[in-house]
Amino acid sequence: MDGRFDCPNRDGTVQAAGCIFCDPRSFSPSRRLGLESIAQQIAEGTRRLSKRYRVDRFVAYFQPATTTYAPVSRLRSLYQEALDQPGIVGMAVGTRPDCVGDDVLDLLAELSERTWVSLEFGLQSIHDRSLAWLNRGHRYDAFLDAVRRSRLRRLNVGAHVILCLPGETREDMLATARELARLKIDSVKLHNLHAVKDTPLADMVAAGRAATSRVDLPSRDEYVDCVVGFLEQLPPHCVIDRLSGEAPPEYLVGPAWCLEKAAVRRAIEAELLRRDTWQGRKLGRKRDQV
Ligand code: SF4
């Protein structure tokens, strides 16, 4: 769902340039289609999904931009409009960890007493040098603070992570996974670093070099290796909501392999089998506990 939110990392409140990979239109069909009301968007989305997957219950996902970035009265109205639509059984809200005041968390906690609510934070990495490279405009401690305050209200908390960032070793990525396990994060969305047109990242990829580091987009094999290592560190209760990221072909600069989502998923499954491993294995979980 596109609530026509802006983002403090794009409108000058935190920064004006935004994250180096960000074009909100590439994140969400709702923004590209230009549908107006939440009810309209849900009607169109549920019609499409029920035809494709033969399902009749849905989670309304507020995604493009920063979907808690508005006065609480407006948030309440938008969220409630979504929850009032036929077939909607819950709501997921994607946001920045530095954009959830206590009033917003109180609203989400109130709604979560009536329905399923997930609060998803764009984390990307626990390493501040990576967050600076991505131009996130916040540090890791913002995520820790947001998780702590969300937990006080018993909210489901999710994290978005980008794997294969330049300058991160495999061990750095695994450290992010271990930290999510330590914090008992409820769900994770994994993304391969990918570049969309008209973003600073696309310029870096085109130039071949950033100011301080070469920007190589990962190969599928590299990404699959990192995902499997990452999953081994996460406890079985952590729901993996997404295994890879992509953008519409007309927006994507690369890597092209991420357009083949089903093939990426199959490659991850094949690598899990080849290594005879599973989610939580490095935490000592047996296969039958998963
Ligand atoms: S926080 Fe999200 S919406 Fe804002 S600039 Fe970064 S990726 Fe884009």
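How many bridges join strand S3 to strand S4? Six bridges join S3 (residues 116-124) to S4 (residues 156-163), and the two strands run parallel. This is a predicted model, in which local features need pLDDT of at least 70, side-chain atom pairs count only at pLDDT 80 or more, and totals for chains, interfaces and linings use all residues. Residues are numbered from 1 along each chain as its sequence is written, and side-chain values use heavy atoms, with hydrogens and water left out.

**The sheet**
- Helices (H or I, at least four residues) and strands (E, at least two) are DSSP runs numbered from the N terminus.
- Six strands form an open sheet with parallel pairing, in the order S1-S2-S3-S4-S5-S7; two strands pair if DSSP finds at least two bridges between them.
- Strands S1 (58-62) and S7 (239-242) are the edge strands, each pairing on one side only.
- Gly122 stands opposite His160 in S4.

**Helices on the sheet**
- Helix H5 (residues 102-112) lies across S2 (88-95) and S3, running at about 140° to S3; angles run from 0 to 180 degrees between N-to-C directions, and axes are lines fitted to C-alpha atoms, for helices over the stretch in contact.
- Helix H7 (residues 140-152) packs on the sheet and touches S3 and S4, where contact means heavy atoms within 4.5 Å.
- The direction of H7 makes about 165° with that of S3.

**A helix pair**
- Helix H8 (residues 170-182) and helix H10 (residues 220-233) pack at an angle of about 30°, their axes 8 Å apart.
- Residues in this contact include Met173 and Leu174 of H8 and Cys226 and Phe230 of H10.
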